[in-house]
Amino acid sequence: MYALAVALSMSACTSHHSSASNPLNAQLAPFVRTRNQAIALVTSAKRSFDAQSINQLMLSYTDLEEKANAYSGFLVESANVDSFDPAKNDSYAEQLRQAINAFNVSYATLSRSAPTPPRAANSWLDASWVPAFAHSAQSYWQQHHDTLASSPQMVATVTKQIKSQTLYPNFEDIATESVRPQQ
């Protein structure tokens with residue numbers, strides 16, 4: 001969020017919003033990495049866990065999905081209403097951090113009892129980025145919130161980018177192909 005103002009001013013100068021050099025992409029990168037890694041872990045689990053373990057993992061992933069999407073929604077709402085509530089920011093960030101840690105515990109526990117070890121390269125989601133992200137979002141919002149108010153088109157572009165890069169898919173929509181042979 002703190003990069004919103006920078007991204008907005010840069011987006012006025014360029015039409016290449018999806019480039020890797022876009023400041024908003026850089027600021028959202030921890031969200032994106034964590035989401036993509038969570039999806040990879042669920043995909044791996046769906047291919048190696050038994051049905052009961054998959055159902056247990058679904059519960060912790062769903063909590064993670066809800067907390068991440070709530071935080072993402074807060075960021076989008078902040079851009080749309082031209083305000084930023086520091087207490088809400090801290091609350092959403094803490095809830096996300098806790099959900100990431102709970103997912104890690106669940107995945108590790110279920111992995112130990114899996115009939116086939118999961119093939120995920122890194123089976124631990126990093127939650128250390130969340131507090132720094134929350135703090136930076138608040139600081140930069142306070143410095144640059146006027147930029148958002150300058151253009152509804154900028155707000156629309158930024159909110160679309162936040163949504164596309166941070167929203168988690170539903171558990172059921174991950175690895176939808178048949179993953180376990182029928183015996």
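**Before selecting anything**

The model is predicted, so local features are taken at pLDDT of at least 70 and side-chain atom pairs at pLDDT 80 or more, while totals for chains, interfaces and linings use all residues. Residues are numbered from 1 along each chain as its sequence is written, and side-chain values use heavy atoms, with hydrogens and water left out.

**The whole chain**

Show the chain as a cartoon and you will find six helices and zero strands, in the order α-α-α-α-α-α along the sequence; helices (H or I, at least four residues) and strands (E, at least two) are DSSP runs numbered from the N terminus. Of the 183 residues, 45% are buried, where buried means under 20% relative accessible area, exposed means over 50%, and partly exposed lies in between (1.4 Å probe, protein chains only). The chain exposes about 9300 Å², with carbon and sulfur atoms supplying 52% of that area; accessible areas come from the Shrake-Rupley method with a 1.4 Å probe, and for residues only the protein chains shown count as cover. Among contacts (heavy atoms within 4.5 Å) between residues at least 6 apart in sequence, 82% join residues at least 24 apart.

**Colour by confidence**

Next, colour by pLDDT, the predictor's confidence in each residue from 0 to 100. The chain mean is 82, and 80% of the residues reach 70 or more. Confidence is lowest in helix H1 (residues 4–11), at a mean of 37, and highest in H4, at 96. Select residues 1–21, where pLDDT stays under 50 although the model has 45 contacts beyond four places in sequence for them. Where pLDDT is low, the predicted coordinates should not be read in detail.

**Helix H4**

Select residues 86–112, which form H4: its 27 residues reach 39 Å from first C-alpha to last, close to the 39 Å expected at 1.5 Å a residue, the expected span being 1.5 Å times one less than the number of residues. Then highlight the buried positions of H4, including Asn-89, Ala-93, Leu-96, Ile-100, Phe-103 and Tyr-107. An α-helix has 3.6 residues a turn, so residues three or four places apart point the same way.

**The nonpolar core**

A nonpolar core is a set of buried Ala, Val, Leu, Ile, Met, Phe, Trp, Tyr and Cys residues joined through side-chain atoms within 4.5 Å. In the largest one, of 43 residues, select Leu-57, Leu-64, Tyr-71, Leu-96 and Phe-103, which touch the most other members. Helices H2 (23–48), H3 (51–81), H4, H5 (129–149) and H6 (152–166) each give two or more residues to this core, and the largest share, 10 residues, comes from H3. Centre on Phe-103 to see what it touches beyond four places in sequence: Ala-38, Leu-41, Val-42, Leu-57, Ser-60, Tyr-61, Leu-64 and Leu-125.

Move to Thr-34 in helix H2, which counts as buried because its relative accessibility is 3%. The Thr-34 side chain makes a polar contact with the side chain of Trp-129 at 2.9 Å; a polar contact is a pair of N or O atoms within 3.5 Å, where within protein one must be able to donate a hydrogen and the other to accept it, and residues adjacent in sequence count only if both atoms are side-chain atoms. Outside four places in sequence, Thr-34 is also in contact with Ile-100, Leu-125, Asp-126 and Tyr-168. The C-alpha atoms of Thr-34 and Leu-125 are 6.2 Å apart, although 91 residues separate them along the chain.

Ser-53, in helix H3, is likewise buried, at 5% relative accessible area, and beyond four places in sequence is in contact with Leu-110 and Ser-113.

In helix H6, select Ser-164, which counts as exposed at 51% relative accessibility. The side chain of Ser-164 reaches the backbone oxygen of Gln-161 at 3.1 Å.

Finish at Ala-175, in the segment after H6, where phi is near 50 degrees, a positive value in a residue other than glycine. Most residues other than glycine have a negative phi. With 16% relative accessibility, Ala-175 counts as buried.
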